[in-house]
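Subject: Structure handover

Hello,

Here is the structure I promised to pass on. Please open it first, then read my notes below.

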Amino acid sequence: MCNIGKDSPFRDEVKVSLGQLAAEPGEAVVTSWYFSEGDSVPGGADLLEVVTDKASFDVAAPCAGRLTKIMATIGTKIKHSDVVAIICPFQEAGPDRGECR
Amino acid sequence: MRVRDLGLIEFQEAEDFQLCYMKGRLPGDAGDMLIMAEHPPVVTLGRIADASTVPGLCSFEQQGISVIKVARGGKTTFHSPGQLLLYPSIDLKARAKDISLYIDLLEITIEKSLRELGVNAARISGTRGVWVGMKKIAFTGVSVKRWLTLHGAAVNINNELDMFRNIHPCGDPGIKVTSARQELGVLLDMSIVKDVFARRFAEDIDIHYGGH
């Protein structure tokens, strides 16, 4: 998906899920996306908002890169292990281009 | 743990205060604060609540009571004077990045505080909130941004309960509500109530949610 070639600025794709967050058990609902497919995303920037039964919280981009695919649109119910987005990380480190965490 | 009592204040003013406080915090500071408030009558709907949870919308409109959407978890509840709002501003990064545990902490604090005040409150396994028997006395609904908490919990202390008939509390038409006043048969001194909750919260956050 990242179309990695020797001249590509991207490394292997990074799958974003809620599994990085310890949160309320059960399903969550995607309520907002702060970026669109194709956007450049700074590492640590809020990517999307999800809501569980008693909590709303933002999910941060695990690294800087290009948001290549949104897998869960607004209103979609997701489990914590579901992949909600794919990010192709930028090759070079730099301002807002930190390593994936 | 700092404590700030905003007194009787409009819901949106209290939300603005929380947002300003959150934005002013520096990463890693020790600025955790318990904000407390009471609100004039208002219905608040969480991010995933819809209008069907307010079947008595006309009653609120006739009395000039606003129904507003709020960027928090949880569904629908009703606020009025005599209900204690707990709005902790906590940096979860400095303690534990676990939102479920944080909501547990809120509920534990509420349960213990109410018991100290003589109310036979308890948590019920598998449900959220705090209960007296099968009636709900406290409601939770939080928001977390960059691991800083917003919103929190509402506890029925002295407030009138009649208007709860016009909503489905927490989105559930089967939920009955109660208050400390109804359980004890007396009005409680809100200054004493707030002192109990503030002390318990400061103790419990270190016991149940990791100290700095």
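In which strand of chain B is B:His151 found? B:His151 is in strand β9, residues 148–156. Helices (H or I, at least four residues) and strands (E, at least two) are DSSP runs, numbered from the N terminus.

Some ground rules. This is a predicted model, where local features need pLDDT of at least 70 and side-chain atom pairs count only at pLDDT 80 or more, while totals for chains, interfaces and linings use all residues. Residues are numbered from 1 along each chain as its sequence is written, chains are lettered from A and ligands numbered from 1 in the order in which they are written, and side-chain values use heavy atoms, with hydrogens and water left out.

**Chain B overall**

Chain B has five helices and 10 strands. Of its 212 residues, 57% are buried. Buried means under 20% relative accessible area, exposed means over 50%, and partly exposed lies in between (1.4 Å probe, protein chains only). Chain B exposes about 8900 Å². Carbon and sulfur atoms supply 52% of that area. Accessible areas come from the Shrake-Rupley method with a 1.4 Å probe; for residues, only the protein chains shown count as cover. Take the contacts (heavy atoms within 4.5 Å) between residues at least 6 apart in sequence: 75% join residues at least 24 apart.

**Backbone and cysteines**

Back to B:His151. Its phi is near 60 degrees, a positive value in a residue other than glycine. Most residues other than glycine have a negative phi. B:His151 counts as buried because its relative accessibility is 3%.

B:Cys170 also has a phi near 60 degrees, again positive and not in a glycine. B:Cys170 lies in the loop between β9 and β10 (176–177) of chain B. At 15% relative accessibility, B:Cys170 is buried. B:Cys58, at 52%, is exposed. How many disulfides are there over all chains? The count is zero, with a disulfide taken as a pair of cysteine sulfur atoms within 2.5 Å.

**Where chain B meets chain A**

The contact takes 22 residues from chain B and 21 residues from chain A. The area buried between them is about 1600 Å². Carbon and sulfur atoms give 50% of it. In chain B, B:Arg47, B:Ile48 and B:Arg146 lose the most area to chain A, together 31% of what that side buries. Buried area is the accessible area (1.4 Å probe) that two parts lose on being put together, summed over both.

The interface holds three salt bridges. A salt bridge is a side-chain nitrogen of Lys or Arg within 4 Å of a carboxyl oxygen of Asp or Glu. A:Asp46 forms a salt bridge with B:Arg146, with the closest N and O atoms 3.2 Å apart. On the side of chain B that touches chain A, α3 (99–116) and β8 (135–145) each supply at least two residues. The largest share, seven residues, comes from β8(B).

A:Asp46 lies in strand β4 (residues 46–51) of chain A. At 15% relative accessibility, A:Asp46 is buried. Leaving out residues up to four places away in sequence, A:Asp46 touches A:Tyr34, A:Phe35, A:Asp58, A:Val59, A:Ala60 and B:Arg146.

**Salt bridges within chain B**

The whole structure has 16 salt bridges over all chains. One of them joins the side chains of B:Asp5 and B:Lys194 (3.2 Å, N to O). B:Asp5 lies in strand β1 (residues 2–8) and B:Lys194 in helix α5 (residues 190–209), so the pair ties together parts that are 189 residues apart in sequence. B:Asp5 is partly exposed at 41%, whereas B:Lys194 is buried at 8%.

Which residues are linked in a network of salt bridges? They are B:Asp104, B:Glu107, B:Arg123 and B:Arg128. B:Arg128 bridges to B:Asp104, with the closest N and O atoms 2.7 Å apart. B:Arg128 sits in the loop between α3 and β7 (130–132) and B:Asp104 in helix α3, so this pair ties together parts 24 residues apart in sequence. B:Glu107 pairs with B:Arg123, closest N and O atoms 3.1 Å apart. B:Glu107 is in helix α3 and B:Arg123 in the loop between α3 and β7, 16 residues apart. B:Glu107 is buried at 0% relative accessibility. B:Arg123 is partly exposed at 32%.

Best wishes
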